[in-house]
Amino acid sequence: MELPIHVVRLLNRSDITKVLGVHKRDGTLDLVPLATIKAPKPDLILLPQDREREAHDDLTEAMERHQSVSILCLAHLQDERQAYQITCVVREYQTAGPLYEKFLDELRASYAELQGIWILEPLSIKAYY
């Protein structure tokens, strides 16, 4: 599915709170704050991976089990609160390739130890407020 353009803009902003939610194999929910997300197109979300291994392992497991993950995007702009839950499928992990190369310089500015990027595809979106 394609995300609305105003949600894509929020995802690309660095001053908006974003949290990744992934169910672990033991049934618990892991919530990971995200410093940087790139949404180069309305149907594509990129998550940079640094040296932190737990989120990497959780996303690998979600991809292998065909389990969805969620991104919560929270904004408070001009006295208006916005919140969106974006449910995604994990498509792949790249350490090379066109998307990795295209955003390498931009992502390295935020992630000095960039290891790769996760490629997510939005499945659904739920708006709050």
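Helices and strands are here DSSP runs, numbered from the N terminus. Tyrosine 129 lies in the segment after E7. The model is a predicted one. Phi of tyrosine 129 is near 80 degrees, a positive value in a residue other than glycine. Tyrosine 129 counts as exposed because its relative accessibility is 64%.

The overall fold was examined next. The protein contains three helices and seven strands. Read from the N terminus, the order of elements is α-β-β-β-β-α-β-β-α-β. The radius of gyration is 14 Å, close to the 14 Å that the globule rule gives for 129 residues, so the protein is as compact as a globular protein of that length. Along the principal axes, the C-alpha atoms fill a box of roughly 40 × 35 × 25 Å. Of the 129 residues, 44% are buried.

The surface and the charges come next. The protein exposes about 7300 Å². Carbon and sulfur atoms supply 48% of that area. The protein carries 15 positive and 20 negative charges.

A search of the whole structure finds five salt bridges. One of them joins aspartate 15 to arginine 13. The closest N and O atoms of this pair are 2.6 Å apart. Aspartate 15 has a relative accessibility of 52%, so it counts as exposed. Arginine 13 reaches 32% and therefore counts as partly exposed.

Another salt bridge connects lysine 24 with aspartate 58, with the closest N and O atoms 3.0 Å apart. Lysine 24 lies in the loop between strand E1 (17-23) and E2, and aspartate 58 lies in helix H2 (residues 53-64), so the pair ties together parts that are 34 residues apart in sequence. Lysine 24 is partly exposed because its relative accessibility is 22%. Aspartate 58 is buried, with a relative accessible area of 8%. Leaving aside neighbours within four places in sequence, aspartate 58 is in contact with Val22, Lys24 and Asp30.

Aspartate 30 belongs to strand E2 (residues 29-33). Which side chain of opposite charge is nearest to aspartate 30? The nearest is lysine 24, 4.0 Å away. Aspartate 30 is buried, yet has no salt bridge. Not counting residues up to four places away in sequence, aspartate 30 touches Leu20, Gly21, Val22, Lys24, Glu54 and Asp58. Glutamate 61 counts as buried because its relative accessibility is 18%, under the 20% limit for a buried residue. Arginine 25 is exposed, with a relative accessible area of 58%. Arg25 and Glu61 also belong to a network of salt bridges that includes Arg65.

Leucine 114 was examined in the loop between helix H3 (98-110) and strand E7 (116-128). Is leucine 114 buried or exposed? Leucine 114 is buried, since its relative accessible area is 6%. Leucine 114 and threonine 95 are 19 residues apart along the chain. Their C-alpha atoms are separated by 9.2 Å.

Backbone angles bring in aspartate 79. Phi of aspartate 79 is near 60 degrees, a positive value in a residue other than glycine. Aspartate 79 is placed in the loop between strand E5 (69-77) and strand E6 (80-94). Aspartate 79 has a relative accessible area of 79%, so it is exposed.

How values were computed: Residues numbered from 1 in each chain as written. Predicted model: local features only at pLDDT ≥ 70, side-chain atom pairs only at ≥ 80, totals over all residues. Heavy atoms only, no water. Helix = DSSP H or I, 4+ residues; strand = E, 2+ residues; numbered from the N terminus. Rg over C-alpha atoms; globule rule 2.2 N^0.38 Å. Buried < 20%, exposed > 50% of the residue type's maximum accessible area, 1.4 Å probe, protein only. Areas by Shrake-Rupley, 256 points an atom, 1.4 Å probe, with all protein chains shown as cover. Lys, Arg positive; Asp, Glu negative; His and termini not counted. Charge placed at Lys NZ, Arg CZ, Asp CG, Glu CD. Contact = heavy atoms within 4.5 Å.
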